[in-house]
Amino acid sequence: VVDEGTELTISCAAGAGYRFGSLKVNNNDFVSGSTHVASDVVNVLAIFIPVYNVSISSNTGNFVYIFNESTPVLNGESVDGGTELAITATAGDGYRLVSLKVNGEDFTSGSSLTIDKNLTVQAVFIRVFDVLISSGSGGSIKVLDNDTDVLSGSDVDKGGILTISATAQSGYRLFSLKVNDVDFVNEGQLV
């Protein structure tokens, strides 16, 4: 209780995990730290907005983009609770996206979510290599990646086991088989 005519300094400070939003005194906008002269009941309303941290991790050379509308959100920044964020993971040259997780849960790249807690975004990419197959005339080459046919021009994951075999047509014999210009054993495996 204060006497009528008392000059009050009204200040607000946000606690951890919040930011100051707005302040009203007797339903009028008010600047924190300013003074107000009490003439009747003094109603003070302070609005605090929860803020959440954003953490992003991915392999080097690959990209995770988070946007609040058209504004990028960077690793380590804080975002107001209730904000809708769009999250996209983009593989760099020679990589493929294996998984995208938000707070440990699978997430579809290009989707949006409304933030209501700290956000951890983890993208995992794997190195891929182009496979180019050419056999000339008189035979064919077959490449398998774990029993799956690999077509010329497609990508295979680093660390996969490729089985490479050459078959000569009738009247021909296999003269040589090379992988990356190095002699290779027919029906051999390449890691």
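Residues are classed by relative accessible area as buried (under 20%), exposed (over 50%) or partly exposed (in between), with a 1.4 Å probe and protein chains only. The structure is a predicted model, in which local features need pLDDT of at least 70 and side-chain atom pairs count only at pLDDT 80 or more, whereas totals for chains, interfaces and linings use all residues. Residues are numbered from 1 along each chain as its sequence is written, and side-chain values use heavy atoms, with hydrogens and water left out.

Six salt bridges are found, each defined as a side-chain nitrogen of Lys or Arg within 4 Å of a carboxyl oxygen of Asp or Glu. Among them is the pair Asp80 and Arg19, with an N to O distance of 2.7 Å. Because Asp80 belongs to strand β8 (residues 78-80) and Arg19 to strand β2 (residues 18-25), this contact ties together parts 61 residues apart in sequence. Asp80 is partly exposed at 23%, as is Arg19 at 34%. A further salt bridge links Asp183 to Lys178, with the closest N and O atoms 2.9 Å apart; Asp183 is exposed at 58%, while Lys178 is partly exposed at 46%.

Strands are DSSP runs of E with at least two residues, numbered from the N terminus, and two strands pair if DSSP finds at least two bridges between them. An open antiparallel sheet of four strands has the order β7-β6-β9-β12, with β7 (71-72) and β12 (111-114) at its edges. Strand β6 (residues 63-68) is joined to β7 by two bridges, where Asn68 stands opposite Thr71 and Phe67 is partnered with Pro72. In the β6-β7 hairpin, which has two residues between the strands, Glu69 adopts a positive phi near 60°. Five bridges connect β6 with β9 (residues 84-90), and Phe63 faces Thr90 in β9.
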